[in-house]
Each structure stands twice: as structure tokens, then as C-alpha cells.
Amino acid sequence: MPDSTTPPTTPRGFSTDELGSALSEILDHVDAAGWGQTPAVFALVPTEVLAEQAPDVLGDDADSPLTPIEQECPDLDAFLASAIWPDAVVGAAVAIEIVVAPPAPGGDGTPRYVADGTDSAASNSDGASKPARLVAGVLRGGQDLAIMRLRHQSGEEIETLTHPQLGTELRVALAGTFTPDEPGA
């Protein structure tokens, strides 16, 4: 029997797997638009809330627990510094194009990445740097995740990768959009 004290629009907690599904959906969406895009920001809203409050927004694929809704974002840094999400938004994600560079000499072996190809660390003449797309997301409850897809040629297998250290700075910045500013800070 349902709990009559909980309103039907109260969002439930979501798992990291559900966040990963939403990030994969975003990655497919931005991949379909091709390369050379500016960063894109998405609000993550429970599909059941949208079905109840704005059913005309949902398409035929309303079986995912979270629905990404693209936000207008002319300046990613300014957006991340000032975003305030309404209660119905349970998470947020950012999709950016990056360049993955080989590990730094003498480093720990971890590949490096930069948000664009202008950084000399990522631009080298041996062709070892590769363009990629990174999608990082966080949930209001604290879960976060980042996935990456290297740019592939037609006919190549599409591979989506993740790592606990992938996109950490971006995930921290996104999490900050759900943390209220401290007065006087």
C-alpha cells in the first residue's frame, strides 16, 4: 500500500547506474549532432515528474528513469558559477569536447585531457592525442559519474569509457550547483 504522506511528485533516490544511463543518452544525443559543438548543459529530471507535470515534453522513449533536458548555456564557467536548480531537477550533466593526450613524461601513467586542442600539452605532432567527448554528471544525492567516447571513424566500434578520476573537476563544479552558497562566504 502506498504511503499516503508522500506526494506523488516527490522524486525518489536515483542510482549511479541510472545516472550512467542518462549520461549515455546525452552522449548519443550530442554525438548525433557531430563535432565542433560548444559545451552543452543538461538538467536531469525524473521522467515520472515530467509525465505528471509536462507530458508534452516527453517523446516516445519515456522509459528511462531520468530525462535530460538541455539548458541554454552561452558560457559554461558563468553557468556553473551561478546555476540554481529547482527542486524537480535531481541532477545535472555537461557534455564537452576534449583532447586526450598521452601521459606526462615521469607521471603516473594516467592520460591527460584538456577541454580543447589549444593546450600544447595535448597537441603533439606524433598523432597520439585524440579528440573525445566527455559527459560528466552529478545527482543531488551526491552520486557522480563521467563517461568518455573517443572520436571514431565510420565502421569502427564505438567504445564508451569511464574511470573514477575522469572529469573530477567538472563533477565538483556540477555538484556545486546543488550546494547553496553560505551567507557571508
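Reply: In this predicted model, 36% of the 185 residues of the chain count as buried, and the chain exposes about 11,000 Å², of which carbon and sulfur atoms supply 52%.

Me: Which elements make up the chain, and in what order do they run from the N terminus on?

Reply: The secondary structure comes to four helices and seven strands, and from the N terminus on the elements run α-β-α-β-α-β-β-β-β-β-α.

Me: How does one read the sides of a helix, and which residues of α4 are buried?

Reply: An α-helix has 3.6 residues a turn, so residues three or four places apart point the same way. In helix α4, which covers residues 168–176, the buried residues are Leu170, Arg171 and Leu174. These residues are on the same side of α4 because they cover an arc of only 100 degrees around the axis. The face turned away from that buried side carries the exposed residues Glu169 and Val172, while the cover over the buried residues of α4 includes α3 (76–82), β3 (91–101), β5 (130–139) and β6 (144–150).

Me: What span should helix α1 have, given its 17 residues?

Reply: At 1.5 Å a residue, α1 (residues 16–32) should span 24 Å, and its end C-alpha atoms are 24 Å apart, which agrees. Buried residues in α1 include Leu19, Leu23, Ile26 and Val30, and the buried residues of this helix pack against β1 (40–46), β2 (66–71), β3, β5, β6 and β7 (160–162). Just after α1, Gly34 takes a positive phi of about 85 degrees.

How values were computed. Residues numbered from 1 in each chain as written. Predicted model: local features only at pLDDT ≥ 70, side-chain atom pairs only at ≥ 80, totals over all residues. Heavy atoms only, no water. Buried < 20%, exposed > 50% of the residue type's maximum accessible area, 1.4 Å probe, protein only. Helix = DSSP H or I, 4+ residues; strand = E, 2+ residues; numbered from the N terminus. Arc of directions from axis to C-beta. Contact = heavy atoms within 4.5 Å. Areas by Shrake-Rupley, 256 points an atom, 1.4 Å probe, with all protein chains shown as cover. Expected span 1.5 Å × (residues − 1).
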